[in-house]
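Subject: Structure for you to look at

Hello,

Here is the structure I said I would pass on. Please open it beside this email and follow along; my notes come after it.

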Amino acid sequence: MTTVDPYAVTDGPPADGTGAPSPGPRAPIAGAARPATAQPPRRRGGGDPVKALLHRHRELCERAVDALEVAAGLEAHGITDRTAARFRHRDVFSLAEELYARTPRGETPAPPPARTPAGPRAARRFGCALLPGALAFAAAAAGTPWTGPLTVLLTVGALVWPGRWAAGRFPCAAHLLAAAVVGWAVHRHGAALGAALALAVAPGHLAAAYYAARARRRLAGSRALEDFAAGARPLLAGVLLPFGAAAAGAAALAGADPAEAVPLAVLLFLVRLLLRHGAPRAPLAAALALALVPAPAAVAVAAAGLLVHAVLALSRASAHARP
């Protein structure tokens, strides 16, 4: 007896000898499942982690004039060097360079607006910084009865000019408190103190401009946020000490007490510097409110507290982006 394999495929007649032709290859049935090998391979997502970050911060990258401003903006949004490692970069500066390079800017970008040459612009600004001191000193020398109010207006007005307002809002509270502090001090210690503060506006302008330029240069040479912060802290002390000496000289020239004039001048200089670099305003208002306390050491304590805040706030790269 011969055993027939039912799964065997033969081209000849079947083994039972009936003579019926063997069936050929069957046509595929409609709706039947295709083999797995016929499906196209799927693409993996998430291969470009920087692309989502670029889409999220596209406006920042398009508005920036260089990669340093992108790095400052990213740091302002809370992105640190540790966060940059998740995007396969060693630090925020390297991540910012890629974002800036990958931002489409068009084939024919619009030409930048014409700017005044740096030399004449710097000279004009320094001339404006000399104006409060000159007017206050002339009014004090003439002995006019409105010397005190004039020195208050000139000193507080100097805080308005270099400000960088967030979202277009003017820091009214900070300037009103500064006017109250200066007015209260001039009322207590005489118009000579107001003249000394007005004379300190010019060295304050020079110190702030020097600090901004050196901090920007330091930012350009840094490759990590910690590296920049470590260099920015002693830089603030390096400009604060010469300004304190200049404020003492202004007090001696105006005939005011340096023990009263120097702490108040330092407080106003820190307010001016923090406003210029877009720092949070709540600590400024708190320090100025403390300076209104009728105590001998209130102004010195307020200046020391604001100095601690300035060291922390100005050590951030976002504080030195171009306004």
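Helix 5 covers residues 92–102, and its buried residues are Val-92, Phe-93, Ser-94, Leu-95, Ala-96 and Leu-99. Bear in mind that this is a predicted model. What do the buried residues of helix 5 pack against? They pack against helix 1 (49–56), helix 2 (58–63), helix 3 (67–76), helix 4 (81–86), helix 10 (201–221) and helix 11 (225–254).

Look next at the start of helix 5. There, a side-chain oxygen of Asp-91 comes to within 3.2 Å of the backbone nitrogen of Phe-93. The side chain of Asp-91 also takes part in a salt bridge with that of Arg-90, at 3.6 Å from N to O. Are these two partners buried or exposed? Asp-91 counts as buried because its relative accessibility is 4%, and buried means under 20%. Arg-90 has a relative accessible area of 60% and is therefore exposed, since the cut-off for exposed is over 50%.

That pair is one of several. How many salt bridges does a search of the whole structure find? The search finds five. In general, side chains of opposite charge can pair when their charged atoms come close.

Another salt bridge joins the side chains of Glu-59 and Arg-63, with 3.8 Å from N to O. Both residues sit in helix 2, four residues apart, which is about one turn of the helix. An α-helix has 3.6 residues a turn, so residues three or four places apart point the same way. Glu-59 and Arg-63 are both exposed.

Glu-75 and Arg-316 form a salt bridge too, and their closest N and O atoms are 3.7 Å apart. Glu-75 belongs to helix 3, while Arg-316 is in the segment after helix 14 (298–313), so this pair ties together parts that are 241 residues apart in sequence. Glu-75 has a relative accessible area of 8% and is therefore buried. Arg-316, at 35% relative accessibility, counts as partly exposed.

Why does Thr-155 count as buried? Its relative accessible area is 5%, and the limit for buried is under 20%. Leaving out residues up to four places away in sequence, Thr-155 touches Gly-194, Leu-197, Ala-198 and Leu-268.

Regards

Definitions and conventions. Residues are numbered from 1 along each chain as its sequence is written. This is a predicted model: local features need pLDDT of at least 70, side-chain atom pairs count only at pLDDT 80 or more; totals for chains, interfaces and linings use all residues. Side-chain values use heavy atoms; hydrogens and water are left out. Buried means under 20% relative accessible area, exposed over 50%, partly exposed in between (1.4 Å probe, protein chains only). Helices (H or I, at least four residues) and strands (E, at least two) are DSSP runs, numbered from the N terminus. Contact means heavy atoms within 4.5 Å. A polar contact is a pair of N or O atoms within 3.5 Å; within protein, one must be able to donate a hydrogen and the other to accept it, and residues adjacent in sequence count only if both atoms are side-chain atoms. A salt bridge is a side-chain nitrogen of Lys or Arg within 4 Å of a carboxyl oxygen of Asp or Glu.
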